[in-house]
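Morning, everyone. Please bring up the structure on your screens.

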Amino acid sequence: MRLEEEFSHCDNYDEEEEPKTMSQCSIGVLQQQQQQQKFVVVGYALTSKKIKSFLQPKFEGLARNKGILFVAIDQNRPLSDQGPFDIVLHKLTGKEWRQILEDYRQTHPEVTVLDPPDAIQHLHNRQSMLQCVADMNLSTSYGRVGVPRQLVIKKDASSIADAVDKAGLILPLVAKPLVADGSAKSHELSLAYDQYSLQKLEPPLVLQEFVNHGGVLFKVYIVGEAIKVVRRFSLPDVTKRELSKVTGVFRFPRVSCAAASADDADLDPSVAELPPRPLLERLAKELRWRLGLRLFNLDIIREHGTRDHFYVIDINYFPGYGKMPGYEHIFTDFLLSLVQSRYKKRSS
């Protein structure tokens with residue numbers, strides 16, 4: 001832990017602006033007015049939108065009370081000249097930033113970087129994103145977890161129908177952008193009902209077989225070893241009658257969000273029942289190891305008509321934890337546990 005001054009960050013951020021630093025109201029004060037009080041110092045490099053949603057006043061207040069100080073990283077200064085930090089928390093993109101972090105990890109092994117840039121990059125491509133889940137082929141007494149059959153189309157929309165036919169995929173198909181970088185566009189998806197309409201899609205993309213799931217998905221938030229599950233409304237089931245009559249491509253800007261919470265909805269118990277906790281714990285533990293990540297969430301659906309057959313349809317790094325009930329306590333406890341774990345290793 002570091003000897004640093006407590007401060008509160010500036011709040012006037014525009015969500016549409018490019019990522020900015022807060023050096024005048026954070027690092028400057030931090031360096032000029034040190035007090036003899038121990039804090040866990042967390043340097044953060046986030047977009048202005050992520051700062052607004054994640055570093056909420058209630059969260060920062062609780063963190064300060066627990067001895068955690070958040071300090072903005074100035075991207076216009078060398079990272080090694082800043083701090084000292086116990087933890088670096090980040091969600092920025094670009095090769096230059098990844099290289100900066102990798103160099104910093106090499107020269108500052110005592111600092112925990114959440115999370116390693118190369119591991120995060122693995123989730124930016126939907127072709128590789130779900131491969132870890134597919135390789136696991138997880139099956140326990142509590143249920144099975146798999147991924148929908150999928151096909152990657154990198155170019156030439158006119159050839160999609162032939163590729164789908166050759167792969168044996170069954171309509172309807174969910175189309176998602178191949179790149180999953182957290183942008184609004186990466187969250188867009190389309191539902192294609194017939195082969196003729198497939199040529200209207202825009203590669204590069206991933207096509208997944210649509211699995212009826214009662215119109216509800218489960219967002220499984222993972223913060224270290226902690227797991228929190230919430231229900232969200234999703235795309236409704238597609239009946240055989242509907243499939244025989246409906247044609248075209250239907251586009252959805254974003255299916256699951258906090259406004260579409262299904263936690264308090266009057267749902268069929270067979271649809272609303274959360275996945276078994278032991279199954280989720282096994283899945284999360286395995287993915288933490290395989291992905292090398294500690295901050296991510298899973299979008300999981302249960303195949304309608306079954307009780308124990310689940311599919312992971314998406315994985316996101318550093319998701320919108322501000323939408324997760326009780327995230328303030330879960331996240332601060334996680335940060336403290338990281339530092340405590342490091343000190344135990346050093347002293348042993």
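First, the ground rules. This is a predicted model, where local features need pLDDT of at least 70, side-chain atom pairs count only at pLDDT 80 or more, and totals for chains, interfaces and linings use all residues. Residues are numbered from 1 along each chain as its sequence is written, and side-chain values use heavy atoms, without hydrogens and water.

Now the sheet. Five strands form an open sheet in the order 8-11-9-10-14, and the pairing is antiparallel. Strands (E, at least two residues) and helices (H or I, at least four) are DSSP runs, numbered from the N terminus. Two strands pair if DSSP finds at least two bridges between them.

Which strands stand at the edges? Strand 8 (150–153) and strand 14 (249–252) do; each has a single partner strand, so one side of each lacks a neighbour in the sheet. From one strand to the next, the twist averages 25°.

Look at strands 9 (173–177) and 10 (189–192). Three bridges join them. L173 has A192 as its bridge partner in strand 10.

The peptide bond from L171 to P172 is cis, omega near 0°. Another cis bond joins P203 and P204. P204 lies in the loop between strand 10 and strand 11.

Last, D156, in the loop between strand 8 and helix 8. Its phi is positive, near 65°, and D156 is not a glycine.

Conventions
Axes are lines fitted to C-alpha atoms, for helices over the stretch in contact, and angles run from 0 to 180 degrees between N-to-C directions.
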